[in-house]
Amino acid sequence: MSGSQQVGDVFAPSLEFATVANAGPELQAAADADRLAFWDTQARRLDWASPWSEVLDWSDAPVAKWFVGGELNVAYNCVDRHVLAGNGDRVAIHFEGEPGDTRSLTYHDLLAEVSKAANTFTDLGLVAGDRVAIYMPMIPEAIIAMLACARLGLTHSVVFGGFSSHALRSRIDDAQAKLLVTVDGQWRRGAPAPLKAAADEAVSGAESVEHVLVVKRTGIDVEWTEGRDLWWHETVEKASDQHTPVPFDAEHPLFILYTSGTTGKPKGIIHTSGGYLTQASYTHHNVFDHKPGTDVYWCTADIGWVTGHTYIVYGPLSNGVTQVVYEGTPNSPNEHRHFEIIEKYGVSIYYTAPTLIRTFMKWGRAIPDAHDLSSIRLLGSVGEPINPEAWRWYREVIGANSAPIVDTWWQTETGAIMISPLPGVTATKPGSAMAPLPGISAKIVDDEAHELGHGGNGYLVLDQPWPAMLRGIWGDMDRYRETYWSRYAEQGWYFAGDGAKYDEDGALWVLGRVDDVMNVSGHRISTSEVESALVSHPAVAEAAVVGAADDTTGQGIVAFVILRENVENTGDQLVKDLRDHVAVEISPIAKPRQISVVPELPKTRSGKIMRRLLRDVAEGRELGDTSTLVDPSVFEPIRVHRSQG
Ligand code: WT7
């Protein structure tokens, strides 16, 4: 198939693709004519048990109600209705285990498994509105557990399996989860790594947790607490596979997902049912041009992040997808793994992060070139700005110079894609997310809320509510208003925390975070969270953390620490201890790339750490304006220490 046509640096959709694309120019026209009527139409992609009386109720802004009074069951929409439509034999999930074991689940199988899990959860006494924590690797049971929650109106809180027991515990406590679903261990680079041990540590003394349900994934030994712990294979697998779903209100909370903000405490982002599923389904259908029954889709994210929630579970399954779910890392047992999987299953839509694309580039094109990737017809990118070189390489080497690329901007808070080209419709530019989707409205503004013309760098704001928007922060609605809605309170705009610009052709470029949030390999980590972790170590008196540009990971974490009095600087050993400590407090993904022990930190007269200057140091630049510093000479030792570190 011939793909997009390149003129200069603009890739226009080919006629061939445009002719059969799901999206067409009529989408934008319909949204422009009547935005709420447009969303009303999109909501009809789903099966509702009762209709809504109003598309949007914004009277309690910034807490939206979408599809007011409508009722639906999210799991029914993702599973049952495909079986009822005669597609029960279609494969929903091609599971590829890290050690090489495989399993395919049809929609019929998925319905049976989700029903069994739902019956078990009910037997455990869980009722709609209760919270369930899920701490698992990428195995089908994780998706089954999420869907069983959705089916029963239980609100799930998935915690990334790479997070530490401390991080899990604080999330369990915050949501007061009654059930924790986990595994004995997970496969990592060919070896089993314990996970239940961390789960045990997390729930010890956690009063809300009544049961821990454990999937046997690796067969490693585990500690067992009688009465509390249950094996999945002794409960779920023995339960009845018959279960009748009941509908829930469109605004019933579907899940909580914790994400880093500018303070040390992660925020529990709340998403509800009807609006969320509507936008998840609409975007998955149009942005990925997904054709049910033909395409093989693969989103390489982990269900511990929002990308996994919306583009592995809810969006794709609501659309009857056939998808690959892969448990492991891209280089296990070697760098060919992803390309072997694409070849093996005939993956046609591949959605990944720029950091992985840059890693592939580093490994060299001989690796993908050794495989038949001709099944690929569309490529997606998410998580951070994609640099134009990576975009071009992605298109040329993985996409055979023809597959359209969709660079999708969104956030945990937005719930679903907001800014992206539409394949077959939008001409794309390498590195640009192009434009808000039909139905979505965004502006780029300055501090005074003036809209910026082409070329001006400003803040990205969302000036109209959207169906998949967050409904708040769990247990802290003040923080919700403060974080997102106070900056442009007068205008009533959502402040996204990203810088952006329109170029001379009107293409939108997302430039990265403008707050103290770092983006490391597409993972969102707050500087203050890492600082809190560092100062909780007995050796550290004070810490300052910055994100420094990194060729592969986008940003790398660089820390400057002041030691407590009488603590000896043991050099490499101390740095190792501190990095390990951060891994224990948060996760290995939050380990600083570099830690420098310094005698002092640069501060303003009001005592604020000058992170901007530290970033200059970390990135090896000449120092910017130091005139507001109390004592500019603090930089001499910092630079010396840095060059030694
Ligand atoms: C932040 C949100 C969206 C799911 C994964 C991350 C950055 C995300 C893009 C993109 C430029 C992007 C932003 C955003 N980001 N996608 N296509 N281009 N930047 O979700 O952890 O909530 O992080 O990721 O900075 O604010 P998240």
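Which backbone atom lies 2.8 Å from a nitrogen atom of the ligand? I looked this up first. A backbone N or O atom of T408 does; I took a polar contact to be a pair of N or O atoms within 3.5 Å, where within protein one must be able to donate a hydrogen and the other to accept it, and residues adjacent in sequence count only if both atoms are side-chain atoms.

Notes on the source: I am working with a predicted model, in which local features need pLDDT of at least 70, side-chain atom pairs count only at pLDDT 80 or more, and totals for chains, interfaces and linings use all residues. Residues are numbered from 1 along each chain as its sequence is written, and side-chain values use heavy atoms, with hydrogens and water left out.

I found a polar side-chain atom of T412 at 2.5 Å from an oxygen atom of the ligand. For D498, a side-chain N or O atom is 2.5 Å from a ligand oxygen. The ligand taken alone exposes 560 Å², of which the protein buries 95% (Shrake-Rupley method, 1.4 Å probe).

Shell. I list 17 residues around the ligand, the closest being D407, T412, D498, R513 and R524 (a heavy atom within 4 Å). They divide into six nonpolar, six polar and five charged, with Gly counted as polar. At least two shell residues come from each of α11 (306–318), β22 (405–408) and β27 (508–513) (DSSP runs: helices H or I, at least four residues; strands E, at least two).

G100. I placed G100 in the loop between β6 (91–96) and β7 (102–106). G100 counts as partly exposed because its relative accessibility is 43% (buried is under 20%, exposed over 50%). From G100 to A118 I noted 18 residues in sequence and 29 Å in space, C-alpha to C-alpha.

Terms used. Buried means under 20% relative accessible area, exposed over 50%, partly exposed in between (1.4 Å probe, protein chains only).
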